[in-house]
Amino acid sequence: EATARQARASLDRYARTWTGNLRSLEKVRQDMDELERPSVLEGMAAAVGLTAVTELDFMVEAYEQIARGRRVLRWSHAYGYYLDPARDGKKRELFDYLQGEASAALERLHKLAEVDRKEVFSSKDGEAAAAADVAVARRFKDYRDTMVNLTVVTRTFMGHLVKAFETDPCEVYAVNI
């Protein structure tokens with residue numbers, strides 16, 4: 001009876017996280033569709049004084065990484081669900097750690113792309129900010145640098161998690177120490 005209760009709780013947790021990552025993936029796809037509209041990128045570029053929309057390619061790359069990460073996390077919960085707590089205890093512990101780190105990096109990147117982006121690219125008084133505005137330029141540079149770095153970090157954590165699917169998680173951990 002205790003085993004059945006534990007299995008139901010595990011399945012419920014798995015279903016919630018699966019659904020949560022699916023909803024987040026759908027939100028990312030909507031945001032990506034919005035970014036694909038030239039007028040949106042042009043407005044964002046103008047808000048921070050950029051002359052070329054291509055200078056915002058780092059955002060598209062970040063959103064693509066978020067979408068890949070959401071798919072990986074969805075399947076990671078399925079993988080974790082099938083790890084036997086008695087037989088695979090240490091493997092499960094390490095896998096949970098890798099999954100948690102990947103999830104935390106993905107959440108930070110998603111917040112940066114979805115929430116912080118609105119603050120960085122907001123226009124002053126409804127008008128595009130002047131390119132000479134040092135504060136706007138500095139805020140954009142900091143945002144871009146953070147977004148690029150966090151995209152790389154998230155890609156790395158997701159890569160570790162995928163390697164854990166393919167191999168023994170202990171091998172992944174030993175290689176990355």
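Helix axes are taken here as lines fitted to C-alpha atoms over the stretch in contact, and the angles between N-to-C directions run from 0 to 180 degrees. With that in hand, the axes of helix H1 (residues 2-35) and H4 come within 12 Å and cross at roughly 30 degrees. H1 and H4 are therefore roughly parallel to each other, where angles under 35 degrees count as roughly parallel, over 145 as roughly antiparallel, 65 to 115 as roughly perpendicular and the rest as oblique.

The model is a predicted one, in which local features need pLDDT of at least 70 and side-chain atom pairs count only at pLDDT 80 or more, while totals for chains, interfaces and linings use all residues. Residues are numbered from 1 along each chain as its sequence is written, and side-chain values use heavy atoms, with hydrogens and water left out.

The chain has six helices and zero strands, and its elements run α-α-α-α-α-α from the N terminus on. Helices (H or I, at least four residues) and strands (E, at least two) are DSSP runs, numbered from the N terminus. Of the 177 residues in the chain, 36% are buried. Buried means under 20% relative accessible area, exposed means over 50%, and partly exposed lies in between, with a 1.4 Å probe and protein chains only.

Two packed helices are described by the angle between their axes and the distance between the axes. For H3 and H4, the axes come within 10 Å and cross at roughly 150 degrees, so H3 and H4 are roughly antiparallel to each other. Their crossing is left-handed. The contact of H3 with H4 has 11 nonpolar, eight polar and six charged residues; in this grouping Ala, Val, Leu, Ile, Met, Phe, Trp, Tyr, Cys and Pro count as nonpolar, Asp, Glu, Lys and Arg as charged, and the others, Gly among them, as polar.

H3 also packs with H5, at an angle of about 30 degrees and with the axes 9 Å apart. That angle makes H3 roughly parallel to H5. The crossing of H3 and H5 is left-handed, and the contact of H3 with H5 has 16 nonpolar, five polar and four charged residues.

H5 deserves a look of its own. Its 33 residues should span 48 Å at 1.5 Å a residue, and its end C-alpha atoms are 48 Å apart, which agrees; the expected span is 1.5 Å times one less than the number of residues. The buried residues of H5 include Val136, Phe140, Tyr143, Met147, Leu150 and Met158. Methionine 158 has a relative accessible area of 4%. Its C-alpha atom is separated by 8.3 Å from that of glutamine 99, 59 residues apart along the chain.

Aromatic side chains come next. The structure holds five aromatic pairs; rings of Phe, Tyr and Trp (its six-membered ring) pair if their centres lie within 6.5 Å, and planes under 30 degrees apart count as stacked, over 60 as edge-to-face and the rest as tilted. The rings of tyrosine 79 and phenylalanine 95 have centres 4.8 Å apart and planes at 50 degrees, so this pair is tilted. Tyrosine 79 lies in helix H3 (residues 57-81) and phenylalanine 95 in helix H4 (residues 89-120), so the pair ties together parts that are 16 residues apart in sequence. Tyrosine 79 is partly exposed, at 21% relative accessible area, whereas phenylalanine 95 counts as buried at 0%.

In another pair, phenylalanine 121 and phenylalanine 140 have ring centres 5.9 Å apart and planes at 70 degrees, so the pair is edge-to-face. This pair links distant parts of the chain, with phenylalanine 121 in the loop between H4 and helix H5 (134-166) and phenylalanine 140 in helix H5, 19 residues apart. Phenylalanine 121 and phenylalanine 140 are both buried. Phe58, Phe121, Phe140 and Tyr143 form one aromatic cluster.

Finally, leucine 41 is found in helix H2 (residues 38-47) and is buried, with a relative accessible area of 12%. The C-alpha atoms of leucine 41 and valine 53, 12 residues apart along the chain, are separated by 6.2 Å. Aspartate 57 lies in helix H3 and is partly exposed, at 46% relative accessible area. Between the C-alpha atoms of aspartate 57 and leucine 41, 16 residues apart along the chain, the separation is 9.7 Å.

Definitions and conventions:
A crossing is left-handed if the near helix is turned anticlockwise from the far one by less than a right angle, and right-handed if clockwise.
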